[in-house]
Amino acid sequence: MSIRRLNSVSENFNTQINDLLAWESVSDPHVAQTVADIIASVRSKGDAAVIEYTNKFDRRTLNNIDELKISSEDLSRALGAIPSDQREALEVAAQRVKDYHEHQRQDSWQFSEQDGTVLGQKITPMDRVGLYVPGGKASYPSSVLMNAIPAKVAGVGHVVMVVPAPDNELSDMVLAAAAIAGVDEIYTIGGAQAVAALAYGTETIAKVDKIVGPGNIYVATAKRAVFGQVAIDMIAGPSEILVVSDGQTNPDWIAMDLFSQAEHDEQAQAILISTDSEFLDAVNASIEKLLPSMSRSEIITQSLTDRGALIQAKDKQDVINLVNRIAPEHLELSVADPETYVDDIRHAGAIFMGRYTSEALGDYCAGPNHVLPTSGTARFSSPLGVYDFQKRSSIIHCSPEGADKLGKVASVLARGESLEAHARSAEFRIKG
């Protein structure tokens, strides 16, 4: 296979890196129109539309919306059906995710000013949250844990999960993960119809306040379309990994770390940066050696050919500049001194430090969330967390003295904006 080689000192490197990073996940006008039609149909026909599209796209023969609902008995059966090592792994991962996210929970706060005025912030969880879990090419029980557990830690009252079951096939591990994470309600629907049902509600499915979780281009387009009606976590693009190595890590390890993201799908992106050209050669050789042994070798090959790269940087500062320019979803610092890089790295979804910290650990069981900003959005976005399921209300409680002092200020500003009622409302409370 052929993976592109770039050098940061090349004359045309700026164009090359821009081409490498270019991505727009929700730009297909045909998809947008299809999604708009599905949303409109679900809004007008409710349950009937959900059944119609599920039968059409997932090749099912449903007659009633109740056939889409997963019962508590189904969850108990799935928990008992999976092998004991899978159940134990899910339980260990769930506990680690819960323990980590407990540290993110924020509490309401207040403070009193000298005149007795009290200011603060009331923090409350959302009432209902929808969780989209992908089906199709692969099942992702880890996504269930990563999305549902922070919501539960935040105190969300009701978590409803949607997951497609094409040809009536559904992973027991996904259902077991939902049981362990405490998901309250599950429907076997997917695609834009699932997003529309969560956003607007149907006769059976109550609307939610926020929709989280990854999906294909139809799901991403639908989430963008319903934003404003409900909150969403993000518009997720293909998975990405950026590995930085000082040339001292086993090149087989690095090659497999690149594979770990490339195997997601053909549009995933895996990039290695090093100042050592001979190490880049060694990793390239490891890629060629290990690739034939991979069960998803065709997907990995396509991903690395289309969107992968081995980049030679001129020095450490150049490496850091490239990291911040790329703003990767996953960043591995496979170097002897990762701590000396971290302070200067401003944009990354998750940072995996040292030679022994593979990105795969973060995907499953390290504890931090694996729902991360992609496609350079780490410049302004953060990992999914408890804070995504809490909202804030400002608290303002003026004492008579505070109302007098603030009223005089508000009056001047309101009259400066020609808003007389604002001014007089504040002035009524001014003493004397």
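This is a short talk about one protein chain and a few of its residues.

Okay, so first thing: what we're looking at is a predicted model. The protein chain has 432 residues, and 48% of them count as buried. You'll see 17 helices and 15 strands, and the C-alpha atoms fill a box of roughly 85 × 60 × 45 Å along the principal axes. If you take contacts between residues at least 6 apart in sequence, 73% of those join residues at least 24 apart.

For charges, I get 38 positive and 58 negative side chains, and the centres of the two sets sit 7 Å apart.

Now let's zoom in. Start with F13, over in helix α1, residues 13-21. Is F13 buried or exposed? Its relative accessibility is 6%, which is under the 20% cut-off, so F13 counts as buried. What does F13 touch, if we skip residues up to four places away in sequence? That would be L6, N7, S8, I311 and L322. I311 is 298 residues away from F13 along the chain, yet their C-alpha atoms are separated by 10 Å.

Next up, Q261, which lies in helix α10, residues 251-262. This glutamine is buried, at a relative accessible area of 0%. Its side chain makes a polar contact of 2.3 Å with the side chain of S239. Leaving aside neighbours within four places in sequence, Q261 also has E240, I241, A268, Q269, H330, E359 and D363 among its contacts.

Last topic, aromatics. How many aromatic pairs are there? The count comes to 3. One of them is Y53 with F57: ring centres 5.9 Å apart and planes at 5°, so that pair is stacked. Both residues are in helix α3, residues 47-58, and they're 4 residues apart, about one turn of the helix. Y53 is buried at 10% relative accessibility, while F57 is partly exposed at 35%.

Then there's W253 with Y356, where the centres are 5.5 Å apart and the planes are at 65°, so we call it edge-to-face. This pair links distant parts of the chain, 103 residues apart: W253 is in helix α10, and Y356 is in the loop between β14 and α15. W253 comes out partly exposed at 38%, and Y356 is exposed at 70%.

That's my tour, thanks everyone.

How values were computed
Residues are numbered from 1 along each chain as its sequence is written. This is a predicted model: local features need pLDDT of at least 70, side-chain atom pairs count only at pLDDT 80 or more; totals for chains, interfaces and linings use all residues. Side-chain values use heavy atoms; hydrogens and water are left out. Helices (H or I, at least four residues) and strands (E, at least two) are DSSP runs, numbered from the N terminus. Buried means under 20% relative accessible area, exposed over 50%, partly exposed in between (1.4 Å probe, protein chains only). Contact means heavy atoms within 4.5 Å. Lys and Arg count as positive and Asp and Glu as negative; His and the chain ends are not counted. The place of a charge is taken as NZ of Lys, CZ of Arg, CG of Asp or CD of Glu. A polar contact is a pair of N or O atoms within 3.5 Å; within protein, one must be able to donate a hydrogen and the other to accept it, and residues adjacent in sequence count only if both atoms are side-chain atoms. Rings of Phe, Tyr and Trp (its six-membered ring) pair if their centres lie within 6.5 Å; planes under 30 degrees apart count as stacked, over 60 as edge-to-face and the rest as tilted.
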